[in-house]
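Please look over the chain shown below with its surface, its helices and its charged pairs in mind. The briefing that follows takes these topics in turn.

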Amino acid sequence: MPTNHEQRKGVILACMAFFMWGLAPIYFKLLQHISAFEILMHRVVWSVLFIVVIVSVMQQWHKIQAVIRKPKLLLMLALTAALLGFNWGLFIWAVNNDHMLDASLGYYINPLLNVLLGMLFLDEKLRKWQGVAVALALSGVAIQLISFGSFPVVASSLAGSFAIYGLLRKKLPIESLPGLLLEAVILLPVALIYWWLMAPTASSNLILNDWHMNALLISAGVVTTLPLLCFTGAAKRLQYTTLGFFQYIGPSLMFILAVMFYGEVFSNERVVTFACIWSALAIFSWDSYRQSQKRKRENIPAPTKPI
């Protein structure tokens with residue numbers, strides 16, 4: 001059972017993780033003149049180097065060697081790596097092409113989609129109010145589709161890819177950091193081939209760039225990995241239900257940035273969809289809190305945190 005000191009540290013780490021994820025669009029906006037594929041390439045390359053350093057410091061190479069000896073696990077990691085690369089690339093594209101509100105909506109939908117996938121594939125039972133929340137979220141998307149003739153493709157793709165990624169990683173017996181390194185290594189050859197074959201751009205040759213540009217590009221590894229390290233540190237110290245309340249910091253910050261700082265239009269169709277999602281999340285959070293309090297009264301252990 002974590003001590004109060006450890007729980008406070010967990011709260012600080014959770015806030016740091018979700019604030020960094022929520023403010024990440026500011027970083028990608030600084031690279032708006034560069035294509036999403038080129039930024040994704042740098043994100044993969046520098047993430048590998050940054051995680052290699054961290055794994056070396058934390059002396060976790062034995063965990064990676066254990067995974068490498070299992071071809072089936074590597075095959076599954078290739079699938080999760082593809083989902084992660086797609087999610088990273090789509091998020092960068094969304095931010096830099098004025099779809100930050102869609103990205104925000106996607107990460108609001110994500111926890112509700114996790115619950116639905118847990119019911120479908122992990123034999124988890126859907127509590128009554130969880131079912132109401134999921135149904136309300138689906139209604140918001142359906143109303144947008146029927147009334148406005150549009151479907152939130154970007155938001156649904158971000159939420160779906162990350163939820164499926166989380167589902168697969170939850171079922172794999174691999175810890176977060178070693179798994180992330182192997183996923184990044186799997187993506188690395190694709191990134192390096194793209195870097196070698198892509199048409200030259202104003203920023204593709206690091207030797208010709210000024211140090212400011214190179215610092216921004218190399219920082220992609222830090223922007224990718226540092227929030228994850230804070231998140232895993234928080235997950236070790238906090239109950240999963242408690243950690244869940246912090247996950248709305250990220251999309252809320254994205255929403256504020258999109259509307260107040262980057263001038264994205266909060267149109268009628270988005271108002272309807274967001275209203276349904278926010279209502280669903282309020283019900284979902286209330287139900288999660290109610291269940292956590294019930295477990296405390298009955299001394300029932302909290303659900304196991306995801307990998």
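Leu145, Ile146, Phe151 and Val153 together make a nonpolar surface patch with about 420 Å² of accessible area, where a patch joins nonpolar side chains (Val, Leu, Ile, Met, Phe, Trp, Tyr) within 5 Å, or like charges within 9 Å, among residues with over 30% relative accessible area and no salt bridge, and areas come from the Shrake-Rupley method with a 1.4 Å probe, with only the protein chains shown counted as cover for residues. This is a predicted model, in which local features need pLDDT of at least 70 and side-chain atom pairs count only at pLDDT 80 or more, while totals for chains, interfaces and linings use all residues. Residues are numbered from 1 along each chain as its sequence is written, and side-chain values use heavy atoms, with hydrogens and water left out.

**Surface patch**
- Phenylalanine 151, a member of the patch, sits in the loop between α6 (128–148) and α7 (153–171); helices are DSSP runs of H or I with at least four residues, numbered from the N terminus.
- Phenylalanine 151 counts as partly exposed because its relative accessibility is 42%, given that buried means under 20% relative accessible area, exposed over 50% and partly exposed in between (1.4 Å probe, protein chains only).

**Confidence**
- The protein chain has an average pLDDT of 86, and 94% of the residues score at least 70, pLDDT being the predictor's confidence in each residue, from 0 to 100.
- Confidence is lowest in helix α10 (residues 240–244), with a mean of 64, and highest in helix α4 (residues 71–96), at 94.
- Where pLDDT is low, the predicted coordinates should not be read in detail.

**Helix α5**
- Helix α5 (residues 100–121) has 22 residues and reaches 30 Å from its first C-alpha to its last, close to the 32 Å expected, a span given by 1.5 Å times one less than the number of residues.
- At asparagine 110, α5 bends by about 35 degrees, with proline 111 following within four residues; the bend is the angle between axes fitted to the seven residues ending there and the seven starting there.
- Because 16 of its 22 residues are buried, α5 is largely enclosed by the rest of the structure.

**Positive phi angles**
- Most residues other than glycine have a negative phi.
- Glutamine 59, in the loop between α2 (36–58) and α3 (61–68), has a positive phi near 55 degrees and is exposed, with a relative accessible area of 63%.
- Aspartate 123, which follows α5, also has a positive phi, near 60 degrees.
- Aspartate 98 has a positive phi of about 60 degrees, and is partly exposed at 43% relative accessibility.

**Salt bridges**
- The count comes to 7 salt bridges, each being a side-chain nitrogen of Lys or Arg within 4 Å of a carboxyl oxygen of Asp or Glu.
- Aspartate 98 pairs with lysine 29 at 3.3 Å, N to O, linking the loop between α4 and α5 to helix α1 (residues 4–30) across 69 residues; lysine 29 is buried, at 11% relative accessibility.
- Arginine 270 forms a salt bridge with aspartate 102, their closest N and O atoms being 3.2 Å apart; arginine 270 lies in helix α12 (residues 268–298) and aspartate 102 in helix α5, so the pair ties together parts that are 168 residues apart in sequence.
- Arginine 127 and aspartate 287 meet in a salt bridge at 2.6 Å, N to O, and Arg127, Asp287 and Arg290 are linked in a network of salt bridges.
- Aspartate 287 is buried, at 0% relative accessibility, whereas arginine 127 is partly exposed, at 29%.

Methods
Helix = DSSP H or I, 4+ residues; strand = E, 2+ residues; numbered from the N terminus.
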